[in-house]
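The sequence and structure come first.

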Amino acid sequence: MGFMTMDQPQLLSKIAMGNGHGEDSPYFDGWKAYDENPYHPTMNPNGVIQMGLAENQLTSDLVQDWIMSNPEASICTIEGVHDFKAMANFQDYHGLSEFRNAVAKFMSRTRGNRVTFDPDRIVMSGGATGAHEVTAFCLADPGDAFLVPTPYYAGFDRDLRWRTGVKLVPVICESSNNFKLTMQALEEAYEKAKNDNIRIKGLLITNPSNPLGTTMDRTTLRTLLTFINEKRIHLVCDEIYAATVFTHPSFISIAEIIEHDKDIECDRDLIHIVYSLSKDMGFPGFRVGIIYSYNDEVVDCARKMSSFGLVSTQTQYLIASMLSDDEFVGRFLAESAKRLAQRHRVFTMGLARVGIKCLQSNGGLFVWMDLHHLMKTPSFEGEMELWKMIIHEVKINVSPGSSFHCSEPGWFRVCYANMDDKAVQVSLQRIHAFVLQNKEIMVSEKKRCWQNNLRLSFKSRRFDDIMMSPHSPIPHSPLVKAST
């Protein structure tokens with residue numbers, strides 16, 4: 001028989017049978033819609049454009065040029081194969097000393113050389129995902145919790161909770177002050193958790209912010225240090241977007257505060273930084289995650305636990321050589337900031353032409369887009385209805401604010417650095433057409449107010465017709481023409 005009777009034991013674990021991964025979130029549903037119908041300029045021009053993935057593909061040509069000029073950096077080339085045996089057999093979880101030295105130096109470089117990092121405190125892990133989980137294992141027991149300001153990265157629900165049993169308690173931030181974290185919000189969240197008998201073990205921040213694309217100022221960072229020292233809880237700073245800041249204000253690392261601001265009380269044993277090369281260098285597939293803790297016991301424990309998610313020695317070898325090239329690193333960081341600024345400018349100006357505003361940002365690989373005026377109802381249900389329309393009709397994968405635990409409906413994260421210029425123009429063309437159609441329906445509703453149940457739909461007019469309309473706010477892309 002293919003079924004299990006009531007007296008049969010459960011064969012799999014609770015983790016295996018549960019949904020703690022969070023794969024049923026709209027954040028991941030958008031990815032599935034893209035995977036089922038991916039956009040391609042010639043093979044599938046009407047497919048879904050992936051704007052829900054925070055990848056940095058704008059500087060891959062610089063990396064490729066460096067690799068072509070430095071073939072000895074890879075053990076899989078004629079020039080580098082003499083080190084193949086040594087690297088293939090190296091499995092020390094401390095990692096290559098050259099790798100740790102290079103990463104420490106790069107972390108300092110991306111923070112304007114205003115701080116230094118000790119290579120002996122560099123602990124590697126399988127991407128920032130692994131780094132966050134290892135950090136949670138080191139700092140908290142099942143049932144303990146971290147405070148996390150909203151909106152926060154949707155993947156944290158998986159990374160920190162799924163296997164550790166740790167909880168996340170939201171610290172509500174609001175658009176009225178551009179989602180800035182305040183002491184009042186921290187205190188309210190902490191007291192609420194205390195009243196709910198939840199033990200808070202730490203505060204987790206993302207700086208620069210995902211999904212906001214903003215950076216925390218010195219005053220806010222000092223406030224956080226005061227708060228965690230008073231409460232005797234840990235501060236985990238996710239700084240994986242450090243080098244994506246493309247305009248003022250510049251990025252300030254928590255390391256800079258504790259190293260230079262001597263007037264503020266700070267127990268360094270409570271400070272931990274999570275870093276990675278996925279965003280700053282555009283290497284998500286290399287799975288280079290870093291834990292940098294000022295706590296000796298955490299460093300020791302995390303290093304032992306890193307055995308479950310080491311960075312391959314082949315990758316360490318390549319990264320060590322690349323990041324040790326000072327001339328390349330300087331040129332790369334400068335050009336990356338320049339290209340991110342240009343892409344951000346093009347995309348936000350394109351949105352502004354049809355009245356779409358975004359939170360003012362200075363970093364990250366995305367914008368926090370405000371579409372509350374396009375929702376049928378000012379609610380999270382209205383947000384989901386609008387999101388489904390964007391996914392299935394406009395065919396762009398963006399991420400709704402609710403998947404980032406945003407306290408207000410109508411916000412969406414849109415990634416703009418994971419595609420070429422032509423794909424950006426196609427996405428803007430589609431967004432413009434959608435807004436134009438929505439305006440026509442709003443006018444129609446005012447003229448025919450007796451139709452109370454008139455729904456937002458593209459059925460009254462073909463989407464392709466709108467995109468090719470002479471009234472479209474931007475010039476027609478040849479890729480759009482090719483799709484008709």
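## Cavities

The model is predicted: local features need pLDDT of at least 70, side-chain atom pairs count only at pLDDT 80 or more, and totals for chains, interfaces and linings use all residues. Residues are numbered from 1 along each chain as its sequence is written, and side-chain values use heavy atoms, with hydrogens and water left out.

There are 4 cavities of 30 Å³ or more. A cavity is a set of points on a 1 Å grid over the protein atoms alone where a 1.4 Å probe fits but cannot get out. Grid points are joined across faces, edges and corners, and the volume is the space filled by probe spheres set on the points. The largest cavity has a volume of about 70 Å³.

## Lining of the largest cavity

The lining (residues with an atom within 4 Å of a point) consists of Ile356, Met369, Leu371, Leu374, Ile390, Val394, Ile396, Val398, Ile431, Phe434 and Val435. By type, the lining has 11 nonpolar residues, no polar and no charged. Here Ala, Val, Leu, Ile, Met, Phe, Trp, Tyr, Cys and Pro count as nonpolar, Asp, Glu, Lys and Arg as charged, and the others, Gly among them, as polar.

Helix 14 (380–394) and helix 15 (421–447) each supply at least two lining residues. Helix 15 gives the most, with 3 residues. Helices (H or I, at least four residues) and strands (E, at least two) are DSSP runs, numbered from the N terminus.

An open sheet of 4 strands has the order 9-10-13-12, with antiparallel pairing. Its edge strands, strand 9 (357–358) and strand 12 (399–400), each pair on one side only. Two strands pair if DSSP finds at least two bridges between them. Strand 12 and strand 13 (residues 411–415) run antiparallel and are joined by 2 bridges; Ser399 stands opposite Arg413 in strand 13.

Helix 13 (residues 326–352) lies across strand 9, strand 10 (366–370) and strand 13, at about 10° to strand 10. Such angles run from 0 to 180 degrees between N-to-C directions, with axes fitted to C-alpha atoms, for helices over the stretch in contact (heavy atoms within 4.5 Å).

## Asn295

Asn295 is found in the loop between strand 8 (288–293) and helix 11 (296–305). Asn295 counts as buried because its relative accessibility is 11%; buried means under 20% relative accessible area, exposed over 50%, and partly exposed in between (1.4 Å probe, protein chains only). Leaving aside residues up to four places away in sequence, Asn295 touches Arg121, Arg268, Asp269 and His272.

## The whole chain

The protein chain has 17 helices and 13 strands. Of its 484 residues, 54% are buried.

Definitions and conventions. On a 1 Å grid over the protein atoms alone, a cavity is a set of points where a 1.4 Å probe fits but cannot get out, and a pocket is an open set with protein on both sides within 12 Å along at least five of seven lines; lining residues have an atom within 4 Å of a point.
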